[in-house]
Amino acid sequence: MDITETTDVLVVGSGIGGCATALAAARAGAEVTLATKATEPEHAASWWAQGGIAVTRADPESFKADILAASDDTADPEAVELLVENAKPAVEDVLFETLSIPFDGNNGEYAYGREAAHSKRRILHVDASTGRHILGPFLNHLASLESVTIHQDTAALELLTHEGRVHGAYLEHDGDVQPVFAGATVLATGGIGELYPQSTNPDGSTGDGIAMAALAGARVRDMEYVQFHPTVYTGDDPFLLSEAVRGEGAFLRNGDGERFMPEIHADAELAPRDVVARAVANEHERTGGVRLDVSPLDFEDEFPDLATMCDDRAIDWREGIPVSPAEHFLCGGIAVDTEGHTTLDRLFAVGECSATGVHGANRLASTSLLEGLVWGLRAGKTAAGFEPERIEAPDLLDRDPPLAEGFGEDKSVRLRRVMDEYVGLERSPEGLKRATGVLRRLKGEVDAYIRTRTSRELYELRGKSVSALLIARAAAENERSKGCHYLTEPAHAD
C-alpha cells in the first residue's frame, strides 16, 4: 500500500467535517493525510445533504432558541452558542470565499429556505442538492493543495494507542494493512445508517469511528438519540424528500387522504422531526400509507432534482409522493470539547460521529453541515500542533481462513432486524433489554473471529456491532422519553 507511514494529521473520513479539518490543518502548516472509504464524493453522507446549511443572518438569538427547542431543551447551551457565533465567519471563509458555492438567489440576494422547527428563513441551499454542490468542490480544492494527500477506498481498522495517547491508525487498502503514525488523528467517519433496514445514509455508514474510539477508551455520549427522517421514499431506489419541501408548503396526507399533522402539533408539518416521524409511522400503520402532497407549490420548478428523481422511478408526484420514516442522523457519538478533542490525548472527532452537545436529543434541520464545518475548522487548527511519534504497533493477526461467503451479511441482517424491532422510532424497556442481550452475543461472536482474521468486512461488522450495542445500552439506561428516544411505556412497568 503506497501510503506514507508518518503524517502530521491523519483525517479519517471525507465529509464536510473531514474536509474542513484537512483544510484548517493544512492552513496551519501541517502535512495532512486524508483517508476515506469513499471512491466517489457521493459515498460521503455530506454529499446527500439536501436542505442546505443553516446560517445566523441578523438574529442569532432566534437561531439559538430554535436549536434548543428542537432538542427538547437538552442541547448544551455553550455548544449552541459556539455554533451560532462561528456560523457566519465559517460560511463566509470556506463556502463563499474559498469554494464560491453558487447558493440559490438572484441579484446578490440569497433565497433562504425554511425547514421544520426553524422560526425563520435562514437556510442557504442549492436546489435540494446542497451537499453535492459543496462536497465536490471541497474535495477538489483539497486535492490541489500540496500538503494534503487523499487516499480513497481506504479504511481505518484500529487506532494505535499507548498509555492513553493515540498515535495514528491501521489503514487498509485493497487487502493490505499498514500502520500510519500521526501527530494527531481526527475521526470524521459519519453515521450509523447500516444498523437499520432503511436509512438515508450512503453505504459504508457502519459506525467505524465510534467503535474504534470506544474500544480505545474514549467516552461516548447521547448514543440513544437516533434521528429518523419522516419523509423518505423507501421503495426501489430510495431517496430523501427534503424537509425544505414541507417548508415551502407541502402537506402530509394519510392513506385516507386526510391531512393529520395539524391535530398532532401546533407547527403541523414543521414540527420537530421526531414528532413528525412518529406521526407518519403511526398513520402508516393505521391507514396503510402516507403521501407528501406537493400540490401547494410549483414542485417541478422549485425542486427540479427531486421532481427528476420521482420521474426516474415512475412516481407521479402530482398524485402525492409515498413516504416513510428512515434512519437519518445520530445525534450522539464520541464526546468532544469545543476544539473537537476527545477524552483521549491527540484524538479528535468531528461531524456525525462526534457528540458536540449541539443536538442533544434531537437535531434541528440543516445544522449538521454547519456543525461539521465549524468544528472541523477548529479541530484542524488545533490538531496541527503535534509531531508524529512511532510506537511499537501490535500485529493484526490474519492466520485463519477467510470467513465463509455471506457471513458478514447474515450477521448484519440479524443486527438490523433487532435494531428495527427494538431500538427504532418507539422503544420499550423490555424490548431494549432483549436487544441488548442479542447484540452483546453478536458482538462476542464477531470478537471471536476478529482475533485471528483481518479484513475490512469483518472490522466493519465490528463497527456495526459495537455501535449498535452502545445505542441499545444507552437507550436502556435512559428512563425518560426525550426527542428521538421515545418510550412507549414507563421504564418500571411490570
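Reply: **Buried cysteines**

Cys310 counts as buried, because its relative accessibility is 0% and the limit for burial is under 20%. The model is a predicted one. Zero disulfides are present in the structure. Cys484 takes part in no disulfide, and the nearest cysteine sulfur, which belongs to Cys331, lies 4.3 Å away. A disulfide would require the two sulfur atoms to be within 2.5 Å. Cys484 has a relative accessibility of 5% and therefore counts as buried.

**Buried residues and their contacts**

Phe329 belongs to strand β17, which covers residues 324–330. With a relative accessibility of 6%, Phe329 also counts as buried. What does Phe329 touch, when residues up to four places away in sequence are not counted? The residues in question are Tyr225, Val226, Gln227, Glu352, His359, Arg363, Ser368 and Glu371. The C-alpha atom of Phe329 is separated by 9.3 Å from that of Asn362, which is 33 residues away along the chain.

Lys411 lies in helix α11, residues 407–422. Lys411 is buried, because its relative accessible area is 15%. Apart from neighbours within four places in sequence, its contacts are Leu442, Glu445 and Leu461.

Leu139 is part of helix α4, residues 130–143. Its relative accessible area is 13%, so Leu139 is buried. Between the C-alpha atoms of Leu139 and Arg440 there are 38 Å, and 301 residues separate the two along the chain.

Helix α5 spans residues 208–216, and its buried residues include Asp208, Gly209, Ile210, Ala211, Met212 and Ala213. Gly217 follows α5 and has a positive phi, near 110°.

In the packing of α5 with helix α13 (residues 456–477), the angle is about 75° and the axes are 8 Å apart. The two helices are therefore roughly perpendicular to each other. On the α5 side, the contact is made by Asp208, Ile210, Ala211, Met212, Ala214 and Leu215; on the α13 side, by Tyr459, Glu460, Arg462, Gly463, Val466, Ser467 and Leu470. By class, these residues divide into eight nonpolar, two polar and three charged. Among the contributors from α5 are Asp208, Ile210, Ala211 and Met212, each of which is buried.

**Two further helix pairs**

Helix α1 (residues 16–27) packs with helix α10 (residues 368–383) at an angle of about 30°, with their axes 7 Å apart. So α1 and α10 are roughly parallel to each other, and their crossing is right-handed. The residues of α1 in this contact are Ile16, Gly17, Ala20, Thr21, Ala24 and Ala25, and those of α10 are Leu369, Gly372, Leu373, Gly376, Leu377, Ala379, Gly380 and Lys381. Eight of the contact residues are nonpolar, five are polar and one is charged.

Helix α2 (residues 60–70) and helix α3 (residues 77–98) pack at about 135°, and their axes are 10 Å apart. The crossing of α2 and α3 is right-handed. Helix α2 contributes Pro60, Phe63, Lys64, Ile67 and Leu68 to the contact, while α3 contributes Pro77, Val80, Glu81, Leu83, Val84 and Glu85. In this contact, eight residues are nonpolar, none is polar and three are charged.

Two non-glycine residues complete the account. Arg57 lies in the loop between β3 (53–54) and α2. Although it is not a glycine, Arg57 has a positive phi of about 55°. Its relative accessibility is 46%, so Arg57 counts as partly exposed. Ser100 is located in the loop between α3 and β4 (105–106). Ser100 is likewise not a glycine and has a positive phi of about 55°. With a relative accessible area of 52%, Ser100 is exposed, because the limit for exposure is over 50%.

Technical notes. Residues numbered from 1 in each chain as written. Predicted model: local features only at pLDDT ≥ 70, side-chain atom pairs only at ≥ 80, totals over all residues. Heavy atoms only, no water. Axes fitted to C-alpha atoms, helices over the stretch in contact; angles between N-to-C directions. Helix = DSSP H or I, 4+ residues; strand = E, 2+ residues; numbered from the N terminus. Left-handed = near helix turned anticlockwise from the far one by under 90°. Contact = heavy atoms within 4.5 Å. Nonpolar A, V, L, I, M, F, W, Y, C, P; charged D, E, K, R; others polar. Buried < 20%, exposed > 50% of the residue type's maximum accessible area, 1.4 Å probe, protein only. Parallel < 35°, antiparallel > 145°, perpendicular 65-115°, else oblique.
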